[in-house]
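Subject: Handover of a structure and the findings on it

Dear colleague,

Please find below the sequence and the structure that I am handing over to you. My findings follow directly after it.

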Amino acid sequence: MVNFELQLFGMDKSIIIKKINENKKQPNLRYRLKRNVEDFTNLLFLTLFDIETPVEENIETLELQFDELINLACWDVEKPCDKIWSNYLERLPVVLEKLNMDAEAIASCDPASLSIEEVYMAYPGFYAIAIYRLAHELYNKGFPLVPRLMTEYAHRQTGVDINPGAHIGESFFIDHATGVVIGETAIIKNNVKIYQGVTLGALFVAKNLERTKRHPTIEDNVTIYANATILGGDTIIGENSIIGGNAWVTSSVPSNSKVFHSAEIKVKTLPNVS
């Protein structure tokens, strides 16, 4: 140990710096992009929801911030990245309409909600859905890294991991939120409710499955309770079904079904000492 320390402290600092630089092999890896995406996400959320935040002024600021994101993240010269913002801006009113429907669904379903304002400001599930919907529109424009950074920012804030590639319908409700995972090719239709710890994942993880549907489809009016796991691209949960807590589902379920995990309870019998 002593010899190693002497060798380390005796090494020329310029050699150390040279070795570090030689191993920094990703020319596009700028962590400034991550910080900038977080600033953009925060301002975008406030612009859409906060009544005191000026929309017109902020749209100009958001455009400037997005231009910087383009400069940092648009590495493919074949893609017309300069047109992404205008196309994205056109979609924001539609996204806001969907998010208002999500908030209304949460407020009407959760007896613990005291007001719809509470949903917008205090519900991590709503925040995660909001950032997902805003990121999904960018994902659809073929600009994948920024939306992934947006949803990872929401993941860090809420514990909800929604890949921006997932397809989610109207009036979506995530209650309690923490630990929810929704994979890239998942399809969730309208009026679906899920609870904490739910996973909509893949049966197998392999790079050659990149362009295949790996995650399940959840049809209209399905409720999935806490810690249920539903896996596989061919797995379809039929409409109006209920998936109970802790259920493990890897095959399709017909409409109007109830799926429950059966726990085995064994009561320990104490020896008779009398």
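Glu118 is a residue of helix α6, which covers residues 116-122. Please note that the model is a predicted one. With a relative accessibility of 24%, Glu118 is classed as partly exposed, because that class lies between the limits of 20% and 50%. When the neighbours within four places in sequence are set aside, the contacts of Glu118 are Ala112, Ser113 and Tyr123. Ala103 stands 15 residues away from Glu118 in sequence, and the C-alpha atoms of these two residues are 9.6 Å apart in space.

I turn next to the packing of the helices. A pair of packed helices is described by two quantities, the angle between the axes and the distance between them.

Helix α3 (residues 32-49) packs with helix α8 (residues 145-158); their axes are 9 Å apart and the angle is about 75 degrees. Helices α3 and α8 are therefore roughly perpendicular to each other, since angles of 65 to 115 degrees are counted in that way. On the side of α3, the contact is made by Leu33, Lys34, Val37, Glu38, Thr41, Asn42 and Leu44, and on the side of α8 by Leu145, Val146, Leu149, Met150, Tyr153 and Arg156. Sorted by class, the residues of this contact between α3 and α8 are 8 nonpolar, 2 polar and 3 charged.

Helix α3 also meets helix α5. The axes of α3 and α5 cross at roughly 55 degrees and come within 11 Å. This angle makes α3 oblique to α5, and the crossing of the two helices is right-handed. Helix α3 contributes Phe40, Leu44, Leu48 and Phe49 to the contact, while α5 contributes Trp85, Tyr88, Leu92, Leu96, Leu99 and Asn100. The contact of α3 with α5 contains 9 nonpolar residues, 1 polar residue and no charged ones. Leu44 of α3 therefore deserves attention, because it is listed in the contact with α8 and also in the contact with α5, where contact means heavy atoms within 4.5 Å.

A further partner of α5 is helix α4. The axes of α4 (residues 55-73) and α5 (residues 84-109) come within 10 Å, with a crossing angle of roughly 135 degrees. Helices α4 and α5 are therefore oblique to each other, and their crossing is right-handed. The residues that make this contact are Ile59, Leu62, Glu63, Phe66 and Ile70 from α4, together with Ile84, Trp85 and Leu89 from α5. Of the residues in the contact of α4 with α5, 7 are nonpolar, none is polar and 1 is charged.

The strands come next. An open sheet is formed by 5 strands with parallel pairing, and their order is β3-β6-β9-β12-β14. Its edge strands are β3 (173-175) and β14 (258-259), each of which pairs on one side only. Strand β3 pairs with strand β6 (residues 193-195) in the parallel sense, over 3 bridges. Within this pairing, Ile174 has Ile194 of β6 as its bridge partner.

There is also an open sheet of 4 strands, in the order β2-β5-β8-β11 and again with parallel pairing. The strands β2 (167-168) and β11 (236-237) are at the edges; each has a single partner strand, so one side of each has no neighbour in the sheet. Strand β8 (residues 217-218) pairs with β11 in the parallel sense over 2 bridges, and the bridge partner of Thr217 in β11 is Ile236.

Two loop residues complete the findings. Ala177 is placed in the loop between β3 and β4 (181-182). Its phi is near 80 degrees, which is a positive value in a residue other than glycine. Is Ala177 buried or exposed? Its relative accessibility is 0%, so Ala177 counts as buried.

Asn246 is placed in the loop between β12 (242-243) and β13 (248-249). The phi of Asn246 is likewise positive, near 65 degrees, and this residue too is other than glycine. Asn246 has a relative accessible area of 45% and is therefore partly exposed.

Yours sincerely

Methods:
Residues numbered from 1 in each chain as written. Predicted model: local features only at pLDDT ≥ 70, side-chain atom pairs only at ≥ 80, totals over all residues. Heavy atoms only, no water. Axes fitted to C-alpha atoms, helices over the stretch in contact; angles between N-to-C directions. Parallel < 35°, antiparallel > 145°, perpendicular 65-115°, else oblique. Left-handed = near helix turned anticlockwise from the far one by under 90°. Nonpolar A, V, L, I, M, F, W, Y, C, P; charged D, E, K, R; others polar. Pairing = 2+ DSSP bridges. Buried < 20%, exposed > 50% of the residue type's maximum accessible area, 1.4 Å probe, protein only.
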